[in-house]
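Subject: Handover of a structure, with findings

Dear colleague,

Please find below the structure that I am handing over to you. I would be grateful if you could read the notes that follow it alongside the model.

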Amino acid sequence: MKFLNSKGIASTTVIIVAIIVIIAAVAGVYIVVMKPTTAAPAFKIAVVSDIGGRGDLSFNDMAFKGGEEAERDFNVQMVELISQTESDYLPNLRTAASDPDVQLIVGVGFLLTQDLVTAAHEFPDKNFMGIDTYTKWIAAEGIKEVGEALPNLMDIVYEEHKGSALVGALGALLATHYNKPHIGGVFGIEIPTLWKFEIGYKWGADWAISWYENNYPDNSAAEPATSIVKTPIKERVLYTYTGTFSDITKGYTAALPMYEENAVAVYNIAGPLGLGINSVVRDIARRDGLEQGPPFWIGVDANQDWINPGFVIASMMKRVDRGVYYTTKWVKDNTFRYLVENYGGQITLGIGTEVSGTLTEGISISTLADLSEFVQMGVKAEELTGEPVLLGSPEWISTKVSTMRDAQPSWIWNAVAELEGKIRSGEVLVPLADTADTVAYWRNILG
Amino acid sequence: MILEGITFALAIFALGLSLMALLDTSGTKTPKVPAWLHGEKIRGRIIGIVAIVAFVLYLMWAHDLLRVELFEYTARALTENWTSLILAASLLATPLTLAAVGECLSERAGLFNIGLEGIFFLSVVIGVRGAENQVVGLGAGAGAGAVIGALVALAVAEKLGRFAKLVAAFVGGLAGGLIGYFIMSIVIAGLGGGAAGLLVGALTGALIGFIFSVMAVYLRANQLVLGMGINIFATGMLAFLLMTIWGFPGIHSVRPVLHIPKLLGYLTPVFFVAVIVAIVAHIILHKTLFGLRIRAAGEKPEAVDVAGVRIDRMRVLVCTAGAALAGLGGAFFSLGWFGEIVKEMAVGMGFIALAVVVVAGLEPLLALVVAFVFGFVRVLADWVATSAGISSILPGAFYLMHMVPFIVTLLVVTIFIGRRPFPKALGKPYIRE
Amino acid sequence: MITCIERNANTEISAGEDEVVVKLFGIIREHLRTLKRPLAESLFALFIGLLIGATLMLVFGHNPITGYISMLKGFGLFIREVSFNQTEFLEALAYSVPLTLTAITFAVGMRAGIFNIGAEGQVYMGAVAAAWIGGHLVLPTGIHVLVATAFAMLVGALWALLPAILKIFAGVHEVISSIMLNWIAFFHVPYLIIHHFAGAYAERTAAVLPTARYPVIGASLTAVIFVAIAACVVVYFLLWRTRAGYELRLVGDNPDAARYAGVNIRRAILISFIIGGLAAGLAGASQVIGRPLLGWTLPATLGTVFGLGFSGIGVAVVGRNHPIGGIFAALLFAGMLNGAKFMEYDYGIPSDLVVAIQGVIILALAVPTLLPMIRKGVKKIGRRPK
């Protein structure tokens with residue numbers, strides 16, 4: 001036969017060996033896996049992450065934090081599914097829903113909207129929740145119309161624009177105090193969610209400066225030319241969309257000009273890019289021998305004050321963890337479906353928001369109390385891996401942060417609190433910009 | 001404002017030209033017309049430039065950016081902030097220069113290693129590990145020393161019998177290991193964990209380069225495919241290592257005590273290391289016998305082979321050393337610049353380094369200049385993108401600004417290519433007839 | 001007399017039939033023989049990759065056996081009590097479609113001696129082109145799909161044109177130019193999506209109209225897979241059964257011989273780039289109008305199309321730069337990548353490990369003489385004095 005020459009032997013051998021190995025492997029695996037397993041039915045919640053997965057120090061991490069707290073308090077087990085790309089969403093959701101023990105499936109991120117609808121429709125006896133999703137407002141062929149809510153699917157959205165207004169006000173007032181002409185914002189990919197942050201931030205800054213001019217008219221008139229009060233409105237906020245949520249070199253090169261142009265604080269709306277911003281701040285601090293800011297940066301989603309204590313003036317916290325936590329509770333208490341029906345499939349967590357008559361908020365500026373919560377997370381991570389995570393002891397971190405906050409004049413904090421009160425009572429309305437037209441409109445006014 | 005911009009552009013262009021003339025080491029007298037403007041190549045060059053310009057016009061039209069204000073903003077950013085721009089550019093230039101110089105040497109010898117991206121990714125992580133964990137650092141030093149020692153001993157004992165070779169390898173390995181251990185502990189004690197981390201990063205690069213060159217030279221593997229394999233492998237390994245070593249996926253912060261401190265805010269001492277490396281590489285390449293042999297190995301390996309030089313050993317050595325430089329650059333990202341590892345950090349930098357190599361015509365000193373210019377363009381582009389008020393006038397500005405460095409690279413590559421074409425034997429395994 | 005003639009006539013006919021059968025067998029045997037070595041090499045490389053993957057898992061405290069078992073779930077096997085899960089298998093099939101096509105881009109390039117890694121950018125451009133035609137134009141049912149697909153392929157080829165021109169006329173190395181264009185596309189396409197082609201929600205394109213969608217077969221697999229397979233067959237015919245294809249391969253195998261033979265090298269290179277661009281454009285389209293992801297939209301984050309170009313390189317290498325081989329290699333890679341999420345879900349093994357394994361496979365296959373090497377090695381071990 002022709003294929004018995006020496007070259008052929010090697011190839012034939014390899015192929016035959018490979019076939020035998022494959023058959024053996026498949027057989028062995030079949031035997032192992034097909035053993036019937038009897039497991040006690042458990043209550044599981046599945047968290048399907050957005051792209052980027054864990055370790056973004058903000059969005060996804062908050063969701064998992066909420067899941068872990070639910071585990072602890074409600075005696076459930078959390079399983080995680082990491083989405084590497086958008087193509088993973090639906091498969092991940094299906095995998096989670098196919099598990100008979102899973103009672104609640106959480107989709108983290110607005111990009112999961114469409115796939116959540118599909119999955120919720122396919123698994124009507126499972127409960128689904130989406131964070132930042134807008135499943136109510138889309139139409140899905142054969143499933144639902146616009147404005148219609150599926151009985152087992154809830155959107156939880158947050159009022160990021162209100163929180164951003166608070167930190168915008170904080171930044172602008174700091175700029176008046178330190179006589180700096182700008183505040184800054186480093187954004188990720190230009191998507192409507194980030195537009196809410198952007199316009200809220202700028203609006204808050206504008207509100208604060210008007211507040212300052214009204215309450216301290218003599219001071220504001222006497223401000224030097226470098227103060228933000230004298231900067232033309234459209235130039236007050238320096239910002240850019242870096243187009244990435246992971247390339248921190250872009251975070252660095254975006255924040256550097258902002259600080260060089262004397263921005264007093266830069267808002268991080270790009271998750272891990274905060275580390276790029278932080279690098280610039282660290283380099284400036286080392287160059288100028290600073291123990292604390294200015295220059296500052298502002299954290300987002302989670303409490304990021306501990307990352308560089310003394311230089312992160314505050315964080316705009318989006319309590320995604322609370323969203324996951326509450327929803328788990330509602331599922332466990334069997335009130336989930338009722339709430340979906342009652343609230344038309346969408347619950348908003350923000351400032352002054354309520355669910356079933358109870359104050360259930362989801363947006364706030366970080367406080368010292370929040371700080372200790374997050375520092376504990378870092379401590380746990382250190383214990384888990386044996387590697388240092390925090391920059392110093394929890395006490396040292398607390399001290400630095402409170403020293404920094406006390407060093408700022410109290411009227412700044414009071415003004416921010418005043419804004420928060422007015423937002424909560426409805427006295428002021430922070431613009432919600434999530435369409436191209438609204439954004440263009442506000443950019444025309446605020447820059 | 002426009003005039004400012006145009007003047008500036010012309011100034012930079014003239015500066016570049018004169019730099020190139022300065023660094024002309026081809027040995028011949030500079031002809032009246034620069035060599036690259038000669039003859040039939042110019043037609044092709046012009047077609048290429050026209051194609052790029054048409055392409056850029058399409059981009060600007062699509063981005064609604066056929067506006068003059070863009071140049072105003074650029075000129076303003078340039079004139080008011082050039083010190084900060086230069087300092088920041090040096091940060092980007094450091095890893096690019098290191099990797100590019102290394103690759104210049106490697107390509108001169110005939111090995112085309114496009115796995116720079118992969119080397120960056122791996123040394124970012126392993127360098128930090130080496131800095132944090134003394135055991136890893138010392139182990140890496142000892143291991144590398146052992147391998148080098150064994151190889152050197154084997155080379156020395158070449159003519160001896162098999163048993164003698166075994167003994168030589170053993171002794172050489174032992175001695176090398178001890179020496180490596182010793183050197184590493186001195187570095188840790190004297191220069192600190194950060195420097196040790198850089199060294200471990202360099203060793204990581206060397207290991208990858210070693211594997212690459214051995215496979216390319218002795219197994220005649222396709223070098224381009226090997227390089228892509230390294231890149232893909234490293235992409236997966238980075239995230240995998242982040243999770244399995246530190247249990248925290250996506251991000252890891254390095255203790256400040258391990259960072260390489262910066263001067264003047266944004267300037268890093270590693271930049272000076274890169275400059276020295278470039279100068280040394282230039283000297284080796286052009287002023288030493290070894291350098292002559294390297295260049296010959298890339299151009300006409302048969303000639304060098306006849307003269308008794310071991311082509312295979314030289315290629316492996318040069319490629320390994322070049323990859324070590326790239327590894328140094330990679331570790332710099334996490335230890336010298338940021339103090340963090342993020343999952344997709346420095347993505348694309350390895351490929352930019354390749355572009356730098358090509359634009360520089362495989363000249364180390366020129367690679368330094370090109371890397372710096374590239375860093376400068378990128379920092380300038382980002383600066384312009386954050387200018388006050390720009391986005392209300394030019395909504396597509398961010399996107400186009402991010403593209404500028406790549407468009408500039410395309411242009412420069414097209415205009416200046418062929419001044420020093422690739423060595424003739426690049427990428428081809430040398431087979432003795 | 002007459003019977004003699006009749007008998008002769010009969011034998012002639014049966015001889016003809018025998019001839020055909022013999023010829024067919026000959027072709028099949030010939031194909032099998034030429035197939036054997038590359039198949040063996042690919043299997044061996046796969047084995048090395050899995051071995052290194054298992055080592056990594058062991059080093060960091062994971063069980064490689066259970067890890068690989070859950071990875072097999074990506075092929076639709078062993079999910080819970082059902083021994084074959086159709087949904088997952090279809091999912092893997094759907095995933096393999098773009099991989100097959102981007103593999104063609106790289107493979108056709110390699111056949112012509114060009115290292116074309118521009119598939120990434122071409123995929124993005126093809127995807128956005130399909131999204132535009134599919135979502136913003138109104139056309140009758142069958143025609144809409146056709147036009148969207150064709151336009152996407154055209155745009156992909158156009159994006160490949162610039163590196164082609166630069167290579168042919170200015171001698172710019174294609175690695176550099178394709179990488180630059182990949183990055184430019186990475187910033188260009190999101191802008192197009194957000195500011196020009198957005199739908200109701202600005203972070204992605206308008207949903208592709210039902211008239212422009214490929215019919216769904218199951219899970220996220222649509223009829224676009226047939227188009228992809230057809231494309232592979234067409235490329236095969238182009239390269240191995242036409243003169244232009246022969247010239248292209250000659251330019252890659254032996255450029256000097258090609259020059260002596262008077263082959264128009266520039267044209268061959270150009271054709272290689274264009275075929276590559278068409279394939280990549282189709283791959284991009286397949287993720288928008290050929291897959292019900294994200295409600296038939298393309299997100300500005302490019303998440304549904306990111307990385308397909310680079311994965312295609314691995315697929316092409318494992319498929320030995322052959323369009324048909326690429327189909328099988330794509331299935332393998334797709335199953336592995338699909339299974340990676342199960343590895344993570346069940347055992348917490350980071351799914352990126354699968355990417356690393358694929359890198360090792362590529363490394364192993366970079367060696368052209370893999371099998372003879374092993375053979376020599378085996379012989380050497382055998383020859384060692386006892």
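Predicted model: local features only at pLDDT ≥ 70, side-chain atom pairs only at ≥ 80, totals over all residues.

Residues are numbered from 1 along each chain as its sequence is written, chains are lettered from A and ligands numbered from 1 in the order in which they are written, and side-chain values use heavy atoms, with hydrogens and water left out.

Chain A and chain B

The contact (heavy atoms within 4.5 Å) involves 44 residues of chain A and 45 residues of chain B. The size of an interface is often given as the accessible area lost when the parts come together. For chain A and chain B, the buried area (the accessible area, with a 1.4 Å probe, that two parts lose on being put together, summed over both) is about 4000 Å², with 59% of it on carbon and sulfur atoms.

Between these chains there are 3 salt bridges, a salt bridge being a side-chain nitrogen of Lys or Arg within 4 Å of a carboxyl oxygen of Asp or Glu. D247(A) forms a salt bridge with R378(B), and their closest N and O atoms are 3.9 Å apart. There are also 8 residue pairs in polar contact across the interface of chain A and chain B, both residues at pLDDT 80 or more. A polar contact is a pair of N or O atoms within 3.5 Å; within protein, one must be able to donate a hydrogen and the other to accept it, and residues adjacent in sequence count only if both atoms are side-chain atoms.

On the side of chain A that touches chain B, two or more residues each come from strand 7 (237-241), helix 8 (248-260) and helix 9 (273-288) of chain A. Helices (H or I, at least four residues) and strands (E, at least two) are DSSP runs, numbered from the N terminus. Helix 8 of chain A gives the largest share, 10 residues.

Chain B and chain C

Here 56 residues of chain B meet 50 residues of chain C. About 4700 Å² is buried between chain B and chain C, and carbon and sulfur atoms give 84% of this area. The count is 0 salt bridges, and 1 residue pair is in polar contact, both residues at pLDDT 80 or more. Helix 9 of chain B supplies 16 residues, the largest share of the side of chain B that touches chain C.

Cysteines

C319(B) is buried, with 1% relative accessibility. Buried means under 20% relative accessible area, exposed over 50% and partly exposed in between (1.4 Å probe, protein chains only).

Chain C

Chain C has 14 helices and 4 strands, and 57% of its 386 residues are buried. In helix 8 (residues 243-253) of chain C, the buried residues include G245(C), L248(C) and V251(C). Among the elements that cover the buried residues of this helix are helix 3 (86-111) and helix 10 (265-288) of chain C.

Yours sincerely
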